[in-house]
Amino acid sequence: MTKFNGYALLAALCAVILTVSAAIYIGAAADDGSKPGALAVGRSDPRGAAAPASAGVWVGAWSASPSGAEPGTGPAGMSGRSVRNVVHTGVGGTGARITLSNLYGRQPLSVTHASIAVAAGANEAAAAADTMRRLTFGGAPSVVIAPGRQVVSDAVRIAVPQDSDVLVTTYSPTPSGPVTFHRHARQISYVADGDRTEDASAAAYTGRTPYWRYLTALDLLSNEAVGTVVAFGDSITDGVTSTVGADRRWPDVLGRRLRQAAGSGDVPRYSVVNQGISGNQVLVSGPGRPADNPSGLSRFGRDVLERANVKVVVIDLGVNDIARNPGRADPDRIVAGLRTLVREAHAHGLKAVGATLMPFKGHGNYRTDREQLRQDINAQIRSGTVYDDVVDFDRALRDPYDPRRLRPDYDSGDHLHPSDKGFRRMAEVFDLASLNGAAPARL
């Protein structure tokens with residue numbers, strides 16, 4: 001054997017070893033924080049090779065609860081159009097996977113093409129150069145999602161910077177409505193005619209929408225965080241009065257605080273994802289089957305326990321149970337429902353932090369008897385017998401001159417939902433060290 005042929009053989013053997021090692025590494029990393037079998041790493045796309053593999057764990061980078069069937073989308077759905085969802089990530093990562101949902105569809109959703117890219121800029125439909133990646137599902141470029149089901153994509157290598165917008169695009173050629181959506185995105189996303197899934201340009205994306213469609217989660221393989229905090233609540237958590245496209249909901253601000261303080265003292269390195277649904281109640285679901293706006297009790301398993309590497313849940317629910325059930329709201333039943341959520345969290349090793357209910361005098365649903373219900377629930381929450389830890393939103397945002405109202409500069413104007421300043425104040429109330437995941441207390 002010549003020296004040249006010997007070197008060639010050695011180089012080939014090294015290449016094989018490196019390839020196998022990389023495959024073993026990615027496969028092991030993909031299982032971290034996931035259910036067994038929940039993720040299959042698909043065939044490599046050459047365009048996915050730009051982001052090198054790196055040590056890290058899977059965490060939730062963004063999420064949104066499916067809240068119902070989008071009006072006017074049945075039975076056609078979004079057939080023949082590309083849906084480009086714009087979502088914001090707090091933490092960065094070197095690998096990504098997504099969850100697509102057909103929870104409210106009445107027929108199979110056929111996704112023949114899907115992609116992910118880093119946005120060229122905030123709130124843009126254009127992709128940053130060399131970041132477009134094709135997504136696969138079980139190694140295939142297409143997937144059919146049965147009515148009422150969801151699917152997790154394969155992992156793909158992509159360098160996602162912290163505090164950036166990400167574009168997730170899907171194309172479905174056939175009727176598949178109604179569309180499963182999240183109504184109050186507070187973010188503009190885009191639509192194009194035809195299959196423009198891998199268009200890096202925004203030229204074809206002339207349609208604009210205030211909704212997130214199909215997409216319910218984006219997980220990242222990250223070395224910036226070791227776990228996920230889930231914010232579980234109603235419209236106040238959903239941030240329905242926050243500035244569109246500015247990421248000023250209280251979970252957004254909390255995520256930034258955690259990122260900036262990570263590693264100092266007892267502050268954990270956690271990401272934060274938002275599972276708020278406007279109008280959500282602890283006990284009562286909306287109409288329909290499956291129910292629009294499912295109750296906190298019915299959606300906890302999907303929206304909290306199925307999130308990636310979740311360590312802590314922050315629960316801010318109860319005000320709609322008071323305001324939307326005249327004459328029937330029972331504080332003891334509402335608190336019993338909250339305790340059920342805590343028991344479920346504890347059964348899965350999660351810490352449960354609970355929020356007091358904020359004042360809403362001046363809102364159309366305010367009554368003096370409902371105010372008494374709120375006070376009764378808050379007293380039980382503050383007693384320490386409901387949650388592992390308490391964040392007192394009520395005390396932090398109420399008007400000192402009329403504690404039944406929000407402080408004027410924290411009020412969006414409807415006397416129930418906070419302003420951007422109010423949302424920021426909510427995030428500032430947290431003792432970040434209290435979010436450190438720990439063995440749940442026996443309550």
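Two strands pair if DSSP finds at least two bridges between them, and the strands themselves, like the helices, are DSSP runs numbered from the N terminus (strands are E, at least two residues; helices are H or I, at least four). With that in hand, let us walk through this structure. It is a predicted model, so to speak of local features we need pLDDT of at least 70, side-chain atom pairs count only at pLDDT 80 or more, and totals for chains, interfaces and linings use all residues. Residues are numbered from 1 along each chain as its sequence is written, and side-chain values use heavy atoms, with hydrogens and water left out.

Now turn to strand S17 (residues 227-233), where the pairing is parallel: 7 bridges join S17 to S18, with Ser 271 in S18 as the bridge partner of Thr 228. S17 also pairs in the parallel sense with strand S19 (residues 310-316), over 6 bridges, and Val 229 stands opposite Val 312 in S19. How many of the residues of S17 are buried? The count is 7 of 7, where buried means under 20% relative accessible area, exposed over 50%, and partly exposed in between (1.4 Å probe, protein chains only). Gly 227, Val 229, Ala 231 and Gly 233 point one way from S17, while Thr 228, Val 230 and Phe 232 point the other way.

A cavity is a set of points on a 1 Å grid over the protein atoms alone where a 1.4 Å probe fits but cannot get out, and its lining residues have an atom within 4 Å of a point. Grid points are joined across faces, edges and corners, and a volume is the space filled by probe spheres set on the points. There are 5 cavities of 30 Å³ or more, and the largest cavity holds about 330 Å³. Its lining has 26 residues, with Ala 61, Trp 62, His 88, Asp 252 and Val 272 nearest the centre. Strand S1 (57-63), strand S3 (81-89), helix H3 (250-261) and strand S18 (270-276) each give two or more residues to this lining. By type, the lining of the largest cavity divides into 9 nonpolar, 10 polar and 7 charged residues; Ala, Val, Leu, Ile, Met, Phe, Trp, Tyr, Cys and Pro count as nonpolar, Asp, Glu, Lys and Arg as charged, and the others, Gly among them, as polar. The second largest cavity has a volume of about 50 Å³.

Finally, here are two single residues. Ile 322, in helix H5 (residues 319-323), counts as buried at 1% relative accessibility. Leaving aside neighbours within four places in sequence, the contacts of Ile 322 (heavy atoms within 4.5 Å) include Leu 357, Phe 360 and Leu 373. Lys 361 belongs to the loop between strand S20 (351-355) and helix H7 (368-382). The C-alpha atoms of Lys 361 and His 415 are 6.5 Å apart, although 54 residues separate them along the chain. The side chains of Lys 361 and Asp 402 are joined by a polar contact of 3.1 Å; such a contact is a pair of N or O atoms within 3.5 Å, and within protein one must be able to donate a hydrogen and the other to accept it, with residues adjacent in sequence counting only if both atoms are side-chain atoms.

How values were computed:
On a 1 Å grid over the protein atoms alone, a cavity is a set of points where a 1.4 Å probe fits but cannot get out, and a pocket is an open set with protein on both sides within 12 Å along at least five of seven lines; lining residues have an atom within 4 Å of a point.
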